[in-house]
Each structure stands twice: as structure tokens, then as C-alpha cells.
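Trainee: I would like to go through the terms used for this model and see what each one rests on. Please set the values against the definitions.

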Amino acid sequence: MNEQKNPGEYPDDKLKGFILRVSDSGVKSYVVRARIKGGANLSYTIGKHASPWTAATARKEAEQILAIMKLGIDPREEAKNRKAKAEAKELDDKARQFKSELTLRKAFEQWQANDVKTKESTKTLYKQVLFKHLSDWLDIAMIEITAEMVAQRYAKVSAVTAGSANNTFRALRMLFNWHIIRQEDLPASEQIFAKNPVIVLQRRDMWQALKPRTKFVTAKQLPAWFEAVESLENRVIVISFCLHW
């Protein structure tokens with residue numbers, strides 16, 4: 001069928017309605033020409049002779065087009081629907097990939113590099129507690145961190161030290177909130193989080209209040225305390241603060 005070179009139209013001898021069209025310039029195209037059931041005659045171009053359209057692949061496509069035309073469906077509308085579905089799937093696949101690439105580690109690094117309001121000391125503290133108590137979460141996608149995971153890990157950490165648990169999950173809550181705010185102006189397909197999973201700690205009333213310290217340095221312990229402070233780089237600040245207090 002595709003051996004024809006002279007301009008004109010060449011009906012397929014195997015499939016009625018399937019045509020090879022050769023233009024004056026020698027360009028070959030595959031066409032379907034038939035009547036839509038209950039409608040008018042229609043000429044529908046499958047495509048030019050090239051990859052992916054050969055006589056064999058175009059004939060299979062023509063068979064499907066003719067089949068839907070017999071059902072009263074306009075293949076042009078069907079093509080639009082298929083294209084729209086393919087584009088929607090492509091966007092969805094890109095969104096899924098984007099969401100899977102934002103790990104907890106990357107989310108922290110983005111916040112650390114771009115947040116200008118938080119003190120460096122706080123950033124250091126948050127990194128210490130996150131990388132210590134959530135080390136096995138660092139390379140999983142943030143979208144995979146669920147409320148139940150948060151509740152279980154908080155309970156585990158707080159059983160050892162409530163202070164570290166609170167700092168860890170305040171840091172995690174902050175990271176989620178920071179990224180949620182940044183995604184507000186993005187299309188829905190590109191938004192990663194619907195809500196912050198750390199809110200489960202408030203809903204279940206799990207946050208633990210820290211008990212005030214009741215221990216003081218005794219007179220006997222002062223020499224050892226001063227010796228320890230003297231070994232610190234910021235000993236002047238520490239001593240000055242303590243004496244003022």
C-alpha cells in the first residue's frame with residue numbers, strides 16, 4: 001500500500017474505508033473515510049507515513065476508528081479525549097515524581113537555606129534532634145509521613161526524654177508548615193501536602209509539659225562547676241549570666 005508514489009488516493013484492498021493519500025509533493029498520509037452511524041460522512045487523517053505510522057500500524061488504528069464510528073462516535077472527539085487523558089496522566093506522573101523526591105532531608109535543607117527569620121542556634125538544634133530521633137525518616141518522602149507514624153515515634157522518644165521529643169516534633173511541624181505555605185500559590189497538581197500530620201499530637205493531647213528543674217549547684221559542687229565552665233569557649237558569657245541570675 002505504501003509503495004504508491006503518484007499523487008492521489010489509494011483505498012486499502014483489505015479494509016474498506018482505509019486510504020493512503022499521496023500529495024503532489026509526495027507526502028504520504030493514512031486516512032479513514034466513512035460514515036458515522038446516524039451522522040455524516042467523515043474524512044479523518046491518522047497521520048503521515050513515518051514512525052509510528054506504517055501501513056500495518058495505521059491499518060490497526062483505522063480498524064479501531066471504523067469500529068467506534070459504527071457506534072456513532074466521532075473519532076475526532078475520541079482523539080481529543082484520549083489526548084486530554086494522556087496529558088492528565090503525564091501531569092499526574094510528574095506530580096507523583098515531584099512529591100516522591102521531596103524527602104525529609106531535602107525539605108530540611110531547603111528550609112535551612114531559605115529561611116532567614118529563624119536563628120542559627122535554633123536551626124542547629126532542629127537539625128540535631130531531627131537527624132537523631134528521625135534518622136530513619138530522613139530519606140523517605142515527606143508525603144509518606146503519616147499522623148500515626150508521628151504519634152508512635154513521639155511516644156517512643158518522649159518515653160526517654162520529653163524535652164527532645166517536643167523539640168523534634170516542633171521542628172517537624174515547622175517543616176511541614178513552611179512547605180505548606182510555600183505551595184499555596186501552586187496548581188493543585190503540584191501541591192504536596194493537604195495537612196500537617198504533626199497536628200495529631202494536639203488532637204490526641206500527647207504534648208508533654210516539661211517539669212521545672214529543681215536541682216541546684218551546691219557549695220561543694222561549685223569548684224568542679226567552675227572548672228568545667230573554664231574549659232568552655234564561651235565561659236565568660238556563662239559565668240556572667242549565672243552571676244547576674
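Trainee: What separates Glu-77 and Lys-80 in helix H2?

Mentor: Glu-77 and Lys-80 are three residues apart in helix H2, which means about one helical turn lies between them. Helices (H or I, at least four residues) and strands (E, at least two) are DSSP runs, numbered from the N terminus. This is a predicted model, in which local features need pLDDT of at least 70 and side-chain atom pairs count only at pLDDT 80 or more, while totals for chains, interfaces and linings use all residues. Residues are numbered from 1 along each chain as its sequence is written, and side-chain values use heavy atoms, with hydrogens and water left out.

Trainee: Why is the contact of Glu-77 and Lys-80 called a salt bridge?

Mentor: The term asks for a side-chain nitrogen of Lys or Arg within 4 Å of a carboxyl oxygen of Asp or Glu. For Glu-77 and Lys-80 the N to O distance is 3.8 Å, so the pair qualifies.

Trainee: Is Lys-80 counted as buried or exposed, and how is Glu-77 classed?

Mentor: Buried means under 20% relative accessible area, exposed over 50%, and partly exposed in between (1.4 Å probe, protein chains only). Lys-80 has 54% relative accessibility and therefore counts as exposed. Glu-77, with 42%, is partly exposed.

Trainee: What makes the salt bridge of Arg-82 and Glu-61 a link between distant parts of the chain?

Mentor: Their closest N and O atoms are 3.3 Å apart. Arg-82 is partly exposed because its relative accessibility is 38%, whereas Glu-61 is buried because its value is 13%.

Trainee: Which parts of the chain does the salt bridge of Arg-153 link?

Mentor: Arg-153 pairs with Asp-136, with the closest N and O atoms 2.9 Å apart. Arg-153 belongs to helix H5, and Asp-136 to the loop between H4 and H5, 17 residues apart. At 14% Arg-153 is buried; at 47% Asp-136 is partly exposed. The whole structure holds ten salt bridges.

Trainee: Why is the set around Leu-104 and Val-150 called a nonpolar core?

Mentor: A nonpolar core is a set of buried Ala, Val, Leu, Ile, Met, Phe, Trp, Tyr and Cys residues joined through side-chain atoms within 4.5 Å. The largest such set has 30 residues, and those with the most contacts inside it are Leu-104, Val-150, Phe-169, Leu-172 and Leu-175. H3 (104-114), H4 (120-133), H5 (147-158), H6 (162-182) and H7 (200-203) each supply at least two of its residues. H6 gives the largest share, nine residues. A second, separate core of 17 residues includes Val-32, Ala-34, Tyr-44 and Ile-46.

Trainee: What is Val-150 in contact with, leaving aside neighbours within four places in sequence?

Mentor: Contact means heavy atoms within 4.5 Å. On that basis the partners of Val-150 include Trp-137, Ile-145, Phe-169, Leu-172 and Pro-197.

Trainee: How are H3 and H4 oriented to each other, and how are H4 and H6?

Mentor: Axes are lines fitted to C-alpha atoms, for helices over the stretch in contact, and angles run from 0 to 180 degrees between N-to-C directions. Under 35 degrees counts as roughly parallel, over 145 as roughly antiparallel, 65 to 115 as roughly perpendicular and the rest as oblique. The axes of H3 and H4 come within 12 Å and cross at roughly 175°, so H3 is roughly antiparallel to H4. Residues making this contact include Phe-108 and Trp-111 of H3 and Tyr-126 and Leu-130 of H4. The axes of H4 and H6 come within 9 Å and cross at roughly 105°, so H4 is roughly perpendicular to H6. Here the contact residues include Leu-125 and Val-129 of H4 and Ala-171 and Leu-175 of H6.
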